[in-house]
Amino acid sequence: VEASIPEPLREAWRKHSAAEFTSKDEFEREFVRHIETTLARSLYNCDELAAYSGTALAFRDRLIIEWNRTQQRQTFTDQKRVYYLSLEFLMGRALDNAMLNVGMKDVARDGLADLGFRIEDAISQEHDAALGNGGLGRLAACFLDSMATLNYPAWGYGLRYRYGIFKQEIVNGYQMEIPDYWLDNNPWEFPRHDITVDIQFYGHVRKYQDEDGKVCHSWEAGETVQAVAYDVPIPGYRTKTTNNLRLWSSKASSGEFDFQKFNAGDYESAVADQQTAETISAVLYPNDNLERGKELRLKQQYFWCAASLYDIVRRFKKTNRAWSEFPDQVAIQLNDTHPTLAIVELQRILIDVEGLEWDEAWRIVIGTFGYTNHTVLPEALEKWSVPLMQNLLPRHLQIIYDINLFFLQSVEKRFPNDRDMLSRVSIIEESHPKMVRMAHIAIIGSHKVNGVAELHSDLIKTTIFKDFVEIYGPDRFTNVTNGITPRRWLHQANPALSALIAEKLGGYEFLTDLTLLDKLEAFVDDKKFRQEWAHIKANNKLRLARLIKDVTGYSVNPNSLFDVQVKRIHEYKRQQLNIFGVIHRYLSLKAMTPEERKKVVPRVSIFGGKAAPGYWMAKSIIYLINSVAAVVNKDDEIGDLLKVIFIEDYNVSKAEIICPASDISEHISTAGTEASGTSNMKFVLNGGLIIGTCDGANIEITREIGEQNIFLFGNLAEDVEDLRHRHFYGGFQLDPQLKRVFETIKEGTFGDPSSFNSLISSIEEHGDYYLVSDDFNSYIATHEMVDKEFQNQEEWLAKSITSVARMGFFSMDRVTNEYADSIWNVEPLDIADEA
Ligand code: H53
């Protein structure tokens, strides 16, 4: 293509080609230009929001220049690409990240100061991009950062929700949900109105014979919706690579806005059609680890999978390669089962549209896909009802039945007469109505299935997917323990700590090779270093105390032990265990003499997290936390010895303030329920210690940092089944200390006890599924150890430093390289080799 453009023309383009600002002066020029022209403002009406926008636009220009070059380079070298399909990308703010990644934050800070602004004020104007619920969505965002930083040719594909995860307000102690309309003033997306795909729904399948007499299928649509691409540039850290996140937005198909109706005077119904189409990408489903089987969600899934695959296939076809080379050029990673329909859609494209034979097509499909499982919780495993699928995606259901038929035939051959096995592994669950088990399609249609921490990967192999291990052998299953990007979660969130580490290690290389942190261990006994370390933590606690004052009105003593649990509210994550522990602490404090109280370590128990709007039990937990806070925080006898804080609307940008400020954080899920957890890593990387169960990545964190540096408690995963069984059949003895806590609640100490009935009865009467009572004693005892050890600040600091030094393993870069080697088989694009 390049050669076909005459040299003089190329020269003219080159001469005027957009250039990146390289100095403070140039940054200021770009800033003022955007303020005065793009934003139509001036010196006289440039507020902080405008200053944010001007800065963001200046940096966006830089990103887009690099983005263009990266895309050209990737197209030109034409090597294998990765496509990361995720319904959630919990990105948080982009400006700070962009400034740090391109290495121009100091330039921007000085430039903004010249023009009358503090960079922090500009940064804090940005609305979080919150297109996700929790860990799964944040993992996807960390992937994008790492893939770009490591120069992998990689694209993310997701949905451009008009409303991200709701904003949480606490009103009288209760969670209220406020829609999150985040798209106004979002400079980070580029609408691509020229990149559209028509997506079909409903209708029927027509069977016909082609000229050679081959039986073919054609899906005749009942409804068509248009997918429009919006691109978000993803800069890598200190690299020229800027990758792409493509988000699809739905609108009525051009033919769909019915001009017939319109002209016939039926304007309203024409507009209604338009709105129905737009509903598909309107809202992120606010559930984490819970699937509800709603038709609109299935529509979202297909809409996004079909648009993404169309795009991927189109890109592949431009290279004129044989279809058999597809898996050598394309790796598609499925983030949970949400994009499983992509497997079926690719098979459909290959056989119905491209005319391949079934077996050849299926080999290509399997070679292309990898599936990541993130949970063993039964309520989170996706199943879609057959009638629903039949109606919405009739051709896909046929293909699913065919996949199942061929699969079951092969199983039958290997395990003759094992009817139970067949019904266990079948894609179709023989219930009323019948259900399509998405995880089974994902396993059967992928060449690799991975869990996200060692324990979790073992559990899927021995429990929910056991039969599949027998069928395929153990090689299809693997583990890749999760990680986090040190750029956002250390450098950006905790600049002072990052700078101190850089000073000791002689540079910032640890940000791209986190194992270099191990050199810090040499300084553990260095007095001055320890002091600086402690000083940084103290400042970070002050920063959090200010946030707490801002959002709750409570003043907390920054010298207290900050005890943090921030994550989605879920019974399995056991915020109830934490708040019951807090009540126990309160009762103990009340029972002490003034002399005894003098020896107590003051504590602030900090909670944050959203409950799914329909999850009653989770909402009761939030209400209990706030009710306890209301009583404890105004108890003068207790004063600073105990404060309880619920930080409303926990999100990525708040996490960046909270994680660096913890002394201890809580990762206390019932053993075997939390697949990995990633906030545990964020806290330890920022020098906080953790209290946790032997669950998810806590186990590997312990192995890396040493068990003397973590507070582990509670029953083990292998004992859970037995304990649950005993609750029902062996009689159940409520832990006596927990009993006292329940009595206090029932006496009305924290308001109308009936509000907490279901919370208590789930434990007292309904089997205590999450083993709160079984773990209570060891939880309390472990917290007493925490108090004791916190009093020895020197020892505590040594643990903190040692732990950080040993966290190298949890870098997202290690994770990304493992996926690249063992699942995707892709190489980084070496940009040093490029002109
Ligand atoms: O995925 C995280 C894990 C975490 C797990 C979480 C997750 C969701 O956020 C949503 C659905 C789901 O099935 C799993 O709960 O343990 O760290 C990333 O792997």
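This is a predicted model: local features need pLDDT of at least 70, side-chain atom pairs count only at pLDDT 80 or more; totals for chains, interfaces and linings use all residues.
**Entry 1: helices H21 and H22**

Helix H21 covers residues 495-505 and helix H22 covers residues 527-552. I found a packing angle of about 165° between them, with the axes 9 Å apart. Angles over 145 degrees count as roughly antiparallel, and H21 and H22 are therefore roughly antiparallel to each other. I noted that the crossing of H21 and H22 is left-handed. I then listed the residues in contact: H21 contributes Ala-496, Leu-497, Leu-500 and Lys-504, while H22 contributes Phe-529, Glu-532, Trp-533, Ile-536 and Asn-539. Sorted by class, the contact of H21 with H22 holds six nonpolar, one polar and two charged residues.

**Entry 2: helices H23 and H25**

Next I looked up H23 (residues 575-590) and H25 (residues 616-632), which pack at an angle of about 20° with their axes 10 Å apart. That angle makes H23 roughly parallel to H25. The crossing of H23 and H25 is left-handed. On the H23 side I recorded Gln-575, Gln-576, Ile-579, Val-582, Ile-583 and Tyr-586, and these meet Ile-621, Leu-624, Ile-625, Val-628 and Val-632 in H25. I sorted the residues of this contact of H23 with H25 into nine nonpolar, two polar and no charged.

**Entry 3: helices H7 and H34**

I turned to H7 and to helix H34, which spans residues 812-824. The axes of H7 and H34 come within 9 Å and cross at roughly 75°. H7 is therefore roughly perpendicular to H34. From H7 the contact takes Cys-142, Phe-143, Asp-145, Ser-146, Met-147 and Thr-149, and from H34 it takes Met-812, Asp-813 and Thr-816. The classes in the contact of H7 with H34 are four nonpolar, three polar and two charged residues.

**Entry 4: two backbone details**

I checked Asn-151, which lies in the loop between H7 and strand E4 (154-159). Asn-151 is not a glycine, although its phi is positive, at about 65°. I also noted a cis peptide bond between His-432 and Pro-433, with omega about -5°. I located Pro-433 in the loop between strand E15 (428-429) and strand E16 (435-437).

**Entry 5: the two domains**

I looked up the domain assignment of the protein, which gives domain 1 (78-93 + 128-481 + 821-833) and domain 2 (557-792). The C-alpha centres of domain 1 and domain 2 lie 36 Å apart. The contact takes 35 residues from domain 1 and 32 residues from domain 2. Which elements supply at least two residues each to the side of domain 1 that touches domain 2? I listed strand E2 (89-92), helix H7 (135-149), strand E5 (167-171), strand E6 (174-178) and helix H18 (454-462). This side of domain 1 divides by class into 13 nonpolar, 14 polar and eight charged residues.

**Entry 6: the ligand shell**

Last, I examined the 19 residues around the ligand. Which of them come nearest? I recorded Gly-135, Leu-136, His-374, Thr-375 and Ser-676. The shell around the ligand has five nonpolar, eleven polar and three charged residues. Both domain 1 and domain 2 take part, each giving at least three residues to the shell.

Terms used: Residues are numbered from 1 along each chain as its sequence is written. Axes are lines fitted to C-alpha atoms, for helices over the stretch in contact, and angles run from 0 to 180 degrees between N-to-C directions. Helices (H or I, at least four residues) and strands (E, at least two) are DSSP runs, numbered from the N terminus. Angles under 35 degrees count as roughly parallel, over 145 as roughly antiparallel, 65 to 115 as roughly perpendicular and the rest as oblique. A crossing is left-handed if the near helix is turned anticlockwise from the far one by less than a right angle, and right-handed if clockwise. Two residues are in contact if their C-beta atoms, placed from the backbone, lie within 7 Å. Ala, Val, Leu, Ile, Met, Phe, Trp, Tyr, Cys and Pro count as nonpolar, Asp, Glu, Lys and Arg as charged, and the others, Gly among them, as polar. A residue is near a molecule or strand if its C-beta atom, placed from the backbone, lies within 6 Å of it. Domain bounds come from an automatic or database domain assignment.
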